[in-house]
Amino acid sequence: MHEILSRLNERARVLDLGSGPGSFPPGATPARVVRVDAERPAAAPENFVLADAARLPFPSGSFDAIVSNHSLEHIADLAGAVREMLRVLRADGYLYIAVPDASTLADRVYRWLGRGGGHVNAFVSAEDVPRLFGAGNPATTRVLYASFSFLNRKNFRARAPRRLMLLGNGSEGFLRVGTWALRKLDGALGTRWSVYGWAYYFGEFPEGAPGTEAAKNVCIRCGSGHAAAWLEARGAVERRRFGPSRYVCPGCGARNYFTGG
Ligand SMILES: [Zn+2]
């Protein structure tokens, strides 16, 4: 989404839809950000508006960009939300959408662990979201990879579900090895065990659309994705004589195995 956020100026307005505490940090864009969710987060971010995505309290064409980061799968009135997003977005605005692929191992485990986990809409093909918006082909469709960070024990503020016991009790050692092994398996066999979903960029990018290259090094704690080349360029990758190379997440400091590009 940073390809969109960074190109906006301070007069632009961004809607962070289904934001929770915020899909991106306040400093990620010079634009004015409005955060919207159907539930008020414990620590409501600045400019938070409590609203139903299918009934947005904003005038038509009032946003230059909308970010919907892993929120469409949670919205009961999906058609209503899509209609409202297209209404409040300017005709020449930017739209970033990320959704899980409901057919993947990651999303199945998520729903099994959380007994549905609040995912009420299932997207199973890369064409589902563009079809839903009827907005033509996105400028970029990018595959997102999983880190299973939703299993990480450290991410449960309340008591973790009992089912987590069956998944290494959500320990970082288990997630580190598991994520790395699935990624290697996919690389060798062309399978999709470690895929999470898709990210879409809609809008005009005169200087070239955002790249389709996936960020395969996804942190097992904070879920941030990093391109292999970017981690290597900043010297974050530690090669080892035995065992997989490692990197420390620049965002949260968690130790991860480096899965390459
Ligand atoms: Zn991290």
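Select Ala 81 first. Setting aside neighbours within four places in sequence, Ala 81 is in contact with Ala 53, Ala 54 and Ile 75; contact here is C-beta atoms, placed from the backbone, lying within 7 Å. Ala 81 sits in helix α2. Helices (H or I, at least four residues) and strands (E, at least two) are DSSP runs numbered from the N terminus. Ala 81 is buried, having 24 other C-beta atoms within 10 Å. A residue counts as buried with 20 or more other C-beta atoms within 10 Å of its own, as exposed with 12 or fewer, and as partly exposed in between, the C-beta atoms being placed from the backbone. For a distance check, pick Leu 164: Ala 81 and Leu 164 are 83 residues apart in sequence and 33 Å apart in space, C-alpha to C-alpha.

A note on the model and its numbering. The model is predicted: local features need pLDDT of at least 70 and side-chain atom pairs count only at pLDDT 80 or more, while totals for chains, interfaces and linings use all residues. Residues are numbered from 1 along each chain as its sequence is written.

Helix α2 lies across β1, β4 and β5 and runs at about 145° to β5. Such angles run from 0 to 180 degrees between N-to-C directions, with axes as lines fitted to C-alpha atoms, for helices over the stretch in contact.

Next, show the sheet. It is open, has seven strands in the order β3-β2-β1-β4-β5-β7-β6, and its pairing is mixed. Two strands pair if DSSP finds at least two bridges between them. At the edges are β3 (48-50) and β6, each of which pairs on one side only. From one strand to the next, the twist averages 20°.

Within the sheet, pick β1 (residues 13-17) and β4 (residues 63-69). These strands pair in the parallel sense over three bridges. Leu 15 has Ile 66 as its bridge partner in β4.

Then move to β7 (residues 195-202). Eight of its eight residues are buried, so β7 is largely enclosed by the rest of the structure. Strand β5 (residues 89-100) is joined to β7 by six bridges, and the two run antiparallel; Val 99 stands opposite Trp 198 in β7. Strand β6 (residues 140-145) is also joined to β7 by six bridges, again antiparallel, with Leu 144 opposite Gly 197 in β7.

Color the largest nonpolar core. A nonpolar core is a set of buried Ala, Val, Leu, Ile, Met, Phe, Trp, Tyr and Cys residues joined through C-beta atoms within 7 Å. Of its 52 residues, Val 14, Leu 15, Ile 66, Tyr 96 and Ile 97 touch the most other members. Beyond four places in sequence, the contacts of Val 14 include Leu 5, Leu 8, Thr 29, Phe 63 and Val 67. Another core, of five residues, lies apart from the largest one; among its members are Trp 180, Tyr 247, Tyr 257 and Phe 258.

Buried in α5 are Leu 175, Arg 176, Thr 179, Trp 180, Leu 182 and Arg 183. They cover an arc of only 165° around the axis, which puts them on the same side of α5; the arc is that of the directions from the helix axis to the C-beta atoms. On the other side of α5, Gly 173, Ala 188 and Leu 189 are exposed. The buried residues of α5 pack against β12 (255-257). After the helix comes Gly 190, with a positive phi near 75°.

Now select α3 (residues 105-113), where Ala 106, Asp 107, Tyr 110 and Leu 113 are buried. Their arc around the axis is only 130°, which puts them on the same side of α3. The buried residues of α3 pack against β5 and β7. Arg 115 follows α3 and has a positive phi near 50°.

Finish with two loop residues. Most residues other than glycine have a negative phi. His 70, in the loop between β4 and α2, has a positive phi near 55°. With 19 C-beta neighbours inside 10 Å, His 70 counts as partly exposed. Phe 148, in the loop between β6 and α5, has a positive phi of about 60°. Phe 148 is buried, with 24 other C-beta atoms within 10 Å.

Conventions:
Two residues are in contact if their C-beta atoms, placed from the backbone, lie within 7 Å.
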